[in-house]
Structure formats: structure tokens, C-alpha cells
Amino acid sequence: MKKITLLFAALLLYTTAQSQEADKASPTYVVLKNATIIDAVSDTGKTGSLLIKDDRIETVSYDGATTSPEGAIVYDLKGKYIIPGLIDAHVHITHGTLKEAQNQLNTALKAGVTGVRDMGGDGRMLTLLKKNMKIGEDIGSDVFFSTIIAGPEFFASDPRPQEVAKGAKAGEVSWQKAITDTTDLRQAVAEAKGLGATAIKVYLNVDKDLFKKVATEAKRQNLKVWAHGVVPPTKPLDITNGGADVMSHAGSLLQYQMAKGEIKGRHDFESREKAAEWKAKLDAIKWDKNTPEVIQLFDAMKNNNSILDATLFVYYYFKEDIKNMSDEALGQVDAFRAVTIAYEQGVKIGAGSDHMISEDGTINLHKELKLLTTAGLSNIDAIRAATIVNAEGLGQEKNIGTIEEGKIANLVILNTDPLENISNTQDIKYVFKRGVVVQ
């Protein structure tokens, strides 16, 4: 009986090994042929074909010589356009339930958003979503996320952190950490990395010296450094020089840089009236492309390779007075002017909605791309803002962001040309995530 059992076990192991070998020997092939490929590397599109092996692009061919391996799934996409999967660089998806977050990511994926950058939510939920989206247990956009780093004052004054620290104390957990000059920064960053975070996000009440210290430690541990463009009391120039890889929000960025004396954050005022008085003085500051502080800031951002995550959508969406403006008038709004000047000076612009999905189910990244073109970006650079530039901000440019051999097959097939009209990014025929068409 013992011999029979051992024989059965040996046969089972052999059969399993043979099955695994067979799986390795039988990759899945997909051929996308006769489409105009907008690879986000070139400035134009070109007719060609893609051969996808499992989850990666095996071959990009423009000579019509692509052959279809036996058993390949073939899509004839004549008249269609292929762009890299889109990435929304500024979302907040964990202020509701896990189910709500899963549904939002599924909706985003179907709208062509194959990846999102969450800017500081419930790390427990984000860790689970990151894993499940990657392995296909949930169907939705891939998740990359930051932990929040801020001074103790922020966590004591702002109610929002506690919303994503349920069951724990805001500022004392790995996904949101209060820091001071005496904090063990190595431990704080290690906890963020151990959670699965892509980056730290420095938010408020961190001075320039402490900012540089925590940014240096994050980079030492191979985490990206994300921050608001302004981290009171630290000005934008010190944020980029301190090591920020991505700086969020174009609105008031330049006024904060030009403000005299110490700048203040939202919780640094005794009353709403005092806050409004400060904001009025800030808004009264005048600047243009020739202002020395403007030139200095954007030159520094370009030289430091700091990406500007503009989030134009939130300035548009939440301000009724500008929604009906013409494109010409909209381009004169401060946030838009700042993006125009930054872009002209060579700063990389990223695309983030800061409000991923509206109540009616609309995915707002597409509107962000249109608004970026209103601020002066070309259609191809608007596409790059939501693809390769955002991939660089994630530290994932070797895997995603362009259509190149060896990269993950995150792709959007469009019915109409986005280089002709950027709004055509919404005219979707198919979405592929990791080589599999999204149903």
C-alpha cells in the first residue's frame, strides 16, 4: 500500500510538472494589425501591427511583415488608432468602501485608464487593490500609491486623515506619518515601503530642511517623492530643489513662490476671515512669463526633472464661473497660464484629474487632456502627459507609458484620431490590460 501511495505521489508530481512545462510552452499570442500606432515616442502616428505575447509587446512592425503565430487571436484594426494605456496621476479612491473603489477602478479601466496614482488614502485598502488589480482578481486600473508625510499640526487640525485611518490614529500609521526633526525618517520611509507604497507624498507643515531630509531618505530606499507644489512653510523652489519627482497643482503655485515672508497653510489661521484675507493678498500678486521668480522656478523644475501634475480639471470643475468660458478666456486663468509658461520653458507636464470619476460615471482624465491643450500643450504632448510622463512619475517608464517592444501591453484602441482631436481619446473601441481585452 505504501508503494502504491508513493507511486501515485510520483505520478502526480510528474503530471503537475508536465502541465507546468506545457503552460510555459504555450504562450498566448494576440495580433493587432493595420492600425495607426501612436506610440508616444514619435510625434506622429504610423500604420503598423503589434504582436503581443502573454502580457507584453513582443514585436512592433511597420513593414506589413508581421506573421500570426498558430492559435493567435487576431484583430484587424484598419482605420483604428492605438495609444498607450492612460494613467491618471492624481486620484483619491479610498474615502468610500472597498466595493466602491473596485467599481470606480473598473469603470476607469473601461474608459481607457489602465493605471492610477492614488495620492494618500487608506493604505490597507490600497495595498489590497494594488495586489488584486495586478493579478486580475479584480478587473480595474492598476494602482500605485503614496503614503502621506506631514507635520503633526496637519493631522491634529485636518479631519480628512482620520477618514482613512479608521481603527487607528491619523499620523501614527504607516500610510500617514507625522514627522518632526526628531523622527526616525529611515523607519518612517521603511514602513511606507513595506506597505507597498510607490512613493511618499509630503503634504503640509514640513520646512525645507526637513523636506530635503525625508526626500533624500525616500530616494535612498528607492521610493519616489511626490508633493504638493507648495508645502507651507516650504515654497515651490525649495520643493523642487529638495528632490520632488512630481509637484501637484498649478493654481496659486507662482503666487506662493512670490509671496513675501513665511507662507501659510490652510490651518495656520485663527479664523476663516484671516484665511480669506491672506488668500486675497495672494491672489493680488501679479506675474507673467518674464517675472524673474517664474523663470527661476520653472528652470529649476526642468533641471531637476520635476514633473508638474497640473490638475487643471479641479480648477475648472469646482468653479462655476469658468465652466462657460471660451478656450481663449480659460487660457488666461492663473492655473492655465502657469501650465502654459511651464510647458514653454520645458517642464514636463503630467495629467491628473484629482477627481477621477464624477457622479454620473464620467472619467475625468479625458477632460484634463482637453484642458491641457487649452493651456497650450500639443495633442501628442497631452497624450504623453497621461502616458510616458506619468509613467516616469511612477518610476515605471521601463514597463509602461509607450508602445515599444518589451513593454506591458496596456493599450487603448480608438475609433478616431486623437492627434486630430484630443477628445477622441474617449472614442474607444477596445481596451487591453496586460495583453487581455477588457470586456
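This briefing covers the pockets, cavities and ring contacts of the structure above. The model is predicted. Its largest pocket has a volume of about 1,300 Å³, and the second largest pocket holds about 480 Å³. Two cavities reach 30 Å³ or more. Eight aromatic pairs are counted, and Arg117 and Arg337 each sit over a tryptophan ring.

**Largest pocket**

- The volume of the largest pocket is about 1,300 Å³. Its lining comprises 43 residues.
- Closest to the centre of this pocket are Tyr203, His228, His249, Arg266 and Tyr315.
- Helices H5 (160-163), H9 (253-258), H10 (272-283), H12 (312-317) and H15 (334-344) each give two or more residues to the lining of the largest pocket.
- H10 provides the largest share of that lining, with five residues.
- By class, the lining of the largest pocket has 21 nonpolar, 12 polar and 10 charged residues.

**Second largest pocket**

- About 480 Å³ of space lies here. The second largest pocket is lined by 23 residues.
- Lys130, Phe144, Thr198, Leu394 and Gln396 are the lining residues closest to its centre.
- Strand E7 (113-118), helix H3 (123-135) and strand E8 (142-150) each supply at least two residues of this lining.
- E8 gives the most to the lining of the second largest pocket, with three residues.
- The lining of the second largest pocket divides into seven nonpolar, nine polar and seven charged residues.

**Cavities**

- The largest cavity has a volume of about 50 Å³. Its lining is formed by Pro84, Gly85, Ile87, Thr114, Asn399, Ile400, Gly401, Thr402, Ile408 and Asn410.
- Four nonpolar and six polar residues make up the lining of the largest cavity, with no charged residue.
- The second largest cavity has a volume of about 40 Å³. Ala89, Arg117, Val246, Ile307, Asp309, Gly350, Val389, Asn390, Gly393 and Leu394 line it.
- Strand E14 (307-309) and helix H18 (388-394) each supply at least two residues of the lining of the second largest cavity. The largest share, four residues, comes from H18.
- The lining of the second largest cavity contains five nonpolar, three polar and two charged residues.

**Aromatic pairs**

- The count comes to eight aromatic pairs.
- One of them joins Tyr75 and Phe432 edge-to-face, at 5.4 Å centre to centre and 85° between the planes.
- This pair links distant parts of the chain. Tyr75 is in strand E4 (residues 73-76) and Phe432 is in strand E17 (residues 428-433), 357 residues apart.
- Tyr75 counts as buried because its relative accessibility is 17%, under the 20% cut-off. Phe432, at 1% relative accessibility, is buried too.
- Phe154 and Phe155 have ring centres 5.1 Å apart and planes at 65°, so this pair is edge-to-face; the cut-off is over 60 degrees. Phe154 and Phe155 are both buried.
- Tyr75, Tyr430 and Phe432 are linked into a cluster by ring pairs.

**Charges over rings**

- Arg117 places its charged end over the ring of Trp226, 4.4 Å from the ring centre.
- Arg337 lies over the face of Trp287, at 3.8 Å from the ring centre.

Conventions
Residues numbered from 1 in each chain as written. Predicted model: local features only at pLDDT ≥ 70, side-chain atom pairs only at ≥ 80, totals over all residues. Heavy atoms only, no water. 1 Å grid on protein atoms, 1.4 Å probe; cavity = no way out; pocket = protein on both sides within 12 Å on 5 of 7 lines; lining within 4 Å. Points joined across faces, edges and corners; volume = space filled by probe spheres on them. Nonpolar A, V, L, I, M, F, W, Y, C, P; charged D, E, K, R; others polar. Phe/Tyr/Trp six-rings, centres within 6.5 Å; stacked < 30°, edge-to-face > 60°. Buried < 20%, exposed > 50% of the residue type's maximum accessible area, 1.4 Å probe, protein only. Lys NZ or Arg CZ within 6 Å of the ring centre and 35° of its normal.
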